[in-house]
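Subject: Structure handover and notes

Hello,

Here is the structure, with the sequence alongside. My notes follow below it.

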Amino acid sequence: MARRRTGPTDAVRELVYQRDGGRCVRCGSVDRLTVHHRVNRGMGGAREQWINQPPNLLLVCTTCNLWFEDNPRDSYAAGWKVRRPQLPNEVRVLYPGGGLYWLTQDGALSMGVEAGR
Ligand SMILES: [Zn+2]
């Protein structure tokens, strides 16, 4: 039986890569990049369509991906992680340089006062 694919599609990965400028959103590294889920998968999470959509995904290096797990408090404060029942499009993300942005469904950053949809 084939294992079910649970990650984002290649097209979504490319959107995230372009949106985040090919750099880790925390440290700016261009090496060892991976796609991080702000709201963790698990507990059937992969069945929720937004789990693998751009507002829930960040381009990060593997070092920062581990750092998020070790530093949940700072990660939630910066929007790098999101805690249910909050949804990814309800929490802004801190980017290098100090800007806070909403992540939109179509793979863009928004500085508006309203949550991205
Ligand atoms: Zn990093």
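Helices (H or I, at least four residues) and strands (E, at least two) are DSSP runs, numbered from the N terminus. This is a predicted model, in which local features need pLDDT of at least 70, side-chain atom pairs count only at pLDDT 80 or more, and totals for chains, interfaces and linings use all residues. Residues are numbered from 1 along each chain as its sequence is written.

Helix α3

Ala77 lies in helix α3. A residue counts as buried if 20 or more other C-beta atoms lie within 10 Å of its own, as exposed if 12 or fewer, and as partly exposed in between, with C-beta atoms placed from the backbone. Ala77 is exposed, because it has 11 other C-beta atoms within 10 Å. Ala77 and Leu94 are separated by 17 residues in sequence, and their C-alpha atoms are 8.8 Å apart in space.

Loops

The loop between α3 (72-77) and β3 (93-94) holds Pro85. The peptide bond joining Arg84 and Pro85 is cis, with omega about 10°. Arg32 sits in the loop between α1 (10-19) and β1 (33-37). Its phi is near 50°, a positive value in a residue other than glycine. Arg32 is exposed, since 12 other C-beta atoms lie within 10 Å.

Sheet

Strands pair if DSSP finds at least two bridges between them. Three strands form an open sheet in the order β3-β4-β5, with antiparallel pairing. β3 and β5 (109-110) are the edge strands, each pairing on one side only. β4 and β5 run antiparallel and are joined by two bridges. Trp102 has Ser110 in β5 as its bridge partner.

Core

A nonpolar core is a set of buried Ala, Val, Leu, Ile, Met, Phe, Trp, Tyr and Cys residues joined through C-beta atoms within 7 Å. The largest one here has 14 residues, of which Cys24, Val25, Leu58, Leu59, Val60, Cys64 and Val93 touch the most other members. At least two residues of this core come from each of β2 (57-61), α2 (62-70) and β4 (100-103). The most come from β2, which gives five. In soluble globular proteins, nonpolar side chains tend to be buried together.

Two residues are in contact if their C-beta atoms, placed from the backbone, lie within 7 Å. Which residues does Val25 contact, leaving aside its neighbours within four places in sequence? They are Asp20, Leu58, Leu59, Val60, Val93 and Tyr95.

Regards
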